[in-house]
Amino acid sequence: MSVRAGIVVTGTEVLTGRVRDLNGPWLADRLLELGVELAHITQCGDRADDLTAQLVFLAGQQVDLIITSGGLGPTADDLTVATVAQFYGRELVLDTGLEQRIADILRRLTAGRQGVDFDAVLAANRKQAMVPVGAQILEPVGTAPGVVLHSEHLPTVVVLPGPPRELQPMWATAVATDGVQQAIAGRTEYRQQTVRMFGLPESGLAETLRDAQSQITGFDRLEITTCLRRGELEIVTRYEPEAADSYTALVDLLRERHPRELFSEDGTLVDDQVAGLLAGRTIATAESCTAGLLAARLADRAGSSAYLAGGVVSYSNDAKIELLGVDGALIAQHGAVSEPVARAMAEGALARFGADTAVGITGIAGPGGGTAEKPVGTVCFGVAVAGRDTVVRTLRLPGDRSDVRERSTTVAMHLLRQELGRP
C-alpha cells in the first residue's frame with residue numbers, strides 16, 4: 001500500500017483569495033518526488049475549530065502524513081501549533097533555548113531601528129517558542145520555527161510557516177526528521193520525467209498517446225499527466241524504475257511522430273534554452289501588444305550574461321516611427337499589425353541598440369478593436385539576426401487580453417529558439 005499524505009493550507013487571506021496559495025502546489029510536487037501519494041489539499045481560515053476539523057478529516061482518510069502551512073506568527077490569529085498540539089493531546093511548553101535563538105534573530109532584524117522596544121518585541125514573539133511536548137523543532141528561517149509531531153496512532157504532522165521563502169528551505173529539514181522518515185518508510189520509489197512540446201494541439205497528443213497505449217509494452221505502468229501552459233504542452237510521467245524501458249519507448253514515439261514540436265526531452269524550459277543560445281550575443285526587443293513582457297522574460301534569464309541590450313514599447317504609430325525608425329508609409333500601406341511592420345520593428349531595434357538579435361511584436365490583444373481581416377488575437381512577429389534575412393510570422397492566438405499577451409511572448413521565444421538553433 002502506498003504512503004498517503006494530506007496538506008492543509010491555513011490563512012483567512014488565502015481562503016478568501018486575497019493571497020494566492022503557492023504552498024499547496026509546491027508541496028504537492030515535493031511529495032510526488034518522494035513517491036508519496038497526495039490524497040487531499042484543503043484550505044481553512046484562521047480558526048482553531050476549522051483547522052481541527054481538517055486534521056480530523058485527514059486522519060479519517062488514513063493518511064500517513066499531514067502537512068500544514070501558515071499560522072505560526074506571533075499574533076493572536078496564529079493558532080496552528082496550539083491547535084495541532086491539542087489534536088495530538090500534547091501540552092505546550094516554553095523552549096527556552098528556542099526562545100533565545102528567536103531573540104537573536106529579532107536583535108539582528110531590529111538593529112539600528114530607532115524607537116524599538118526590544119523587550120516588547122520579544123514578548124510578542126515568545127509564543128513562537130511554545131512547542132508541543134515531544135515535538136521535533138525545525139529551526140526558523142524567518143522568526144517562526146516549524147515542528148514535527150510523530151505518533152504510532154495518528155498521522156505524523158509537519159507544521160510549516162506560511163511565507164514560501166520560509167517554508168521551502170524548511171521542507172528539506174522536515175523530510176530528514178525521524179518522524180517524517182518513519183511516516184514515509186513504506187513509499188514506492190518513483191522516477192519523474194518531463195518533456196515539453198510546442199505547436200501541437202492537445203487532440204494531436206491524445207491521438208499519439210492512444211497509439212502508445214496499444215503499441216508500448218508496459219504503457220499502463222506509466223502515470224502520465226499533461227498540462228497546457230502558455231501554449232506549450234507539458235507532459236509529466238511518473239513511473240517505477242522497472243518501467244524505464246516503457247518510458248524510453250514513449251519518448252521515442254513522441255520524437256518520431258512530432259519531431260518539430262518536441263523541443264525539450266529533459267524538462268528544460270524554452271526560456272533556458274534561449275538563454276543558452278544567446279550566450280555571447282546581445283538581443284533587443286520592440287513590442288507593441290505585449291507591453292514589454294518579452295523583455296522582462298528575457299531579463300529573468302539574463303543573469304551574468306547580460307545579453308539584453310534594451311527594448312522599446314511602442315503602442316502608437318508615432319513611437320514606432322520615432323523610436324524604431326519604422327517608415328510611416330509602410331504603416332499606412334499595411335497597417336501597424338502586419339508582417340512588414342513587425343520586420344521593420346525588429347530591424348529598427350537591432351539598429352537602435354547595436355544588438356545582433358532582435359524581436360518585433362505587433363498585434364491586437366483586445367479586449368476591443370480588430371477587424372474581420374485582423375480580429376483580436378492577430379499577432380505579427382519579426383525575428384532579426386545580423387547577417388540573415390529577417391523571419392516573420394503571423395498567428396491568431398486564442399483567449400483574452402492576458403492570454404494573447406502571454407502566448408505571444410511564448411511564440412516569440414520559440415521563434416528565437418528555432419532561428420538561433422539553426423546553422
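E234 is buried, with a relative accessible area of 14%, where buried means under 20% relative accessible area, exposed over 50%, and partly exposed in between (1.4 Å probe, protein chains only). The model is predicted, so local features need pLDDT of at least 70 and side-chain atom pairs count only at pLDDT 80 or more, while totals for chains, interfaces and linings use all residues. Residues are numbered from 1 along each chain as its sequence is written, and side-chain values use heavy atoms, with hydrogens and water left out.

**Salt bridges**

- The structure holds 15 salt bridges, each being a side-chain nitrogen of Lys or Arg within 4 Å of a carboxyl oxygen of Asp or Glu.
- E234 is joined in this way to R229, with the closest N and O atoms 3.0 Å apart, and R229 is partly exposed at a relative accessible area of 46%.
- R422 and E419 also meet in a salt bridge (2.9 Å, N to O); R422 is partly exposed, with a relative accessible area of 38%, whereas E419 is buried, at 7%.

**Helix α13**

- In helix α13, which spans residues 317-324, the buried residues are A319, K320 and L324; helices (H or I, at least four residues) and strands (E, at least two) are DSSP runs, numbered from the N terminus.
- These residues lie on the same side of α13 because they cover an arc of only 100° around the axis, the arc being that of the directions from the helix axis to the C-beta atoms.
- The face turned away from the buried side of α13 carries the exposed residues D318 and E322.
- Just after α13, G325 takes a positive phi of about 75°.
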